[in-house]
Amino acid sequence: MLYVGMTNGLPRRLAEHQGGEIEGFTKKFGIKKLVYYEVFEDVLNAIAREKQLKRWTRAKKNALVEKANPEWADLSGQFLESE
């Protein structure tokens, strides 16, 4: 299962998702790994990109992740403090 979303605070959002604090799609399906992300300076560009990605097929999204992260490694450790 893949989740596409945008935030203005990735470390906070990751902690919320991993802690099960956010009701909805990610909690329902137990999505806790970050396998791909993009950074934008302009929020309107980020929103446009989110909408674009949400329209893509699963195969196209998979190809995007695999190009940047072929192992599908969890990238959230770059943003979260270790316990």
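The following questions and answers set values computed from a predicted model against the definitions behind them.

Q: What makes a residue count towards the totals or the local features in this model?
A: Because the model is predicted, local features need pLDDT of at least 70 and side-chain atom pairs count only at pLDDT 80 or more, whereas totals for chains, interfaces and linings use all residues. Residues are numbered from 1 along each chain as its sequence is written, and side-chain values use heavy atoms, with hydrogens and water left out.

Q: How many helices and strands does the protein chain have, and what makes a stretch count as one?
A: Helices are DSSP runs of H or I with at least four residues, strands are runs of E with at least two, and both are numbered from the N terminus. By that rule the protein chain has four helices and zero strands, in the order α-α-α-α from the N terminus on.

Q: Why does the radius of gyration of the protein chain agree with that of a compact globule?
A: The radius is taken over C-alpha atoms, and the globule rule is 2.2 Å times the number of residues to the power 0.38. With 83 residues the rule gives a value near 12 Å, and the protein chain has 13 Å, which agrees. Along the principal axes, the C-alpha atoms fill a box of roughly 35 × 30 × 25 Å.

Q: Why is His17 called buried, and what is in contact with His17?
A: Buried means under 20% relative accessible area, exposed means over 50%, and partly exposed lies in between, with a 1.4 Å probe and protein chains only. His17, which is found in helix 1 (residues 10-18), has a relative accessibility of 13% and therefore counts as buried. Contact means heavy atoms within 4.5 Å; leaving aside neighbours within four places in sequence, His17 is in contact with Tyr3, Ile22, Thr26, Ile31 and Lys32.

Q: Why is Ile22 called partly exposed?
A: Ile22 has a relative accessibility of 23%, so Ile22 counts as partly exposed. This residue is found in the loop between helix 1 and helix 2 (25-29), and, apart from neighbours within four places in sequence, Ile22 is in contact with Arg13, Glu16, His17 and Lys27.

Q: Why are the buried residues of helix 1 said to line one face?
A: The buried residues of helix 1 are Leu14, Glu16 and His17. Seen down the axis of helix 1, they fall within an arc of 160°, so they line one face of the helix; the arc is that of the directions from the helix axis to the C-beta atoms. These buried residues pack against helix 2, and just after helix 1, Gly20 takes a positive phi of about 70°.

Q: How do you know that the buried residues of helix 4 line one face?
A: In helix 4 the buried residues are Lys61, Asn62, Leu64 and Val65. Viewed down the axis of helix 4, they fall within an arc of 160°, so they line one face of the helix. The face turned away from that buried side carries the exposed residues Ala59 and Lys67, while what covers the buried residues of helix 4 includes helix 3 (43-55).

Q: What makes the phi of Trp72 worth a remark?
A: Phi of Trp72 is near 55°, a positive value in a residue other than glycine. Most residues other than glycine have a negative phi. Trp72 is found in the segment after helix 4 (58-68) and, with a relative accessible area of 21%, is partly exposed.

Q: Why is Phe40 called partly exposed?
A: Phe40 has a relative accessibility of 35% and so counts as partly exposed. Phe40 lies in the loop between helix 2 and helix 3 and, leaving aside neighbours within four places in sequence, is in contact with Asn45, Ala46 and Arg49.

Q: How many residues of the protein chain, as a percentage, count as buried?
A: Of the 83 residues, 25% count as buried. Among contacts between residues at least 6 apart in sequence, 63% join residues at least 24 apart.
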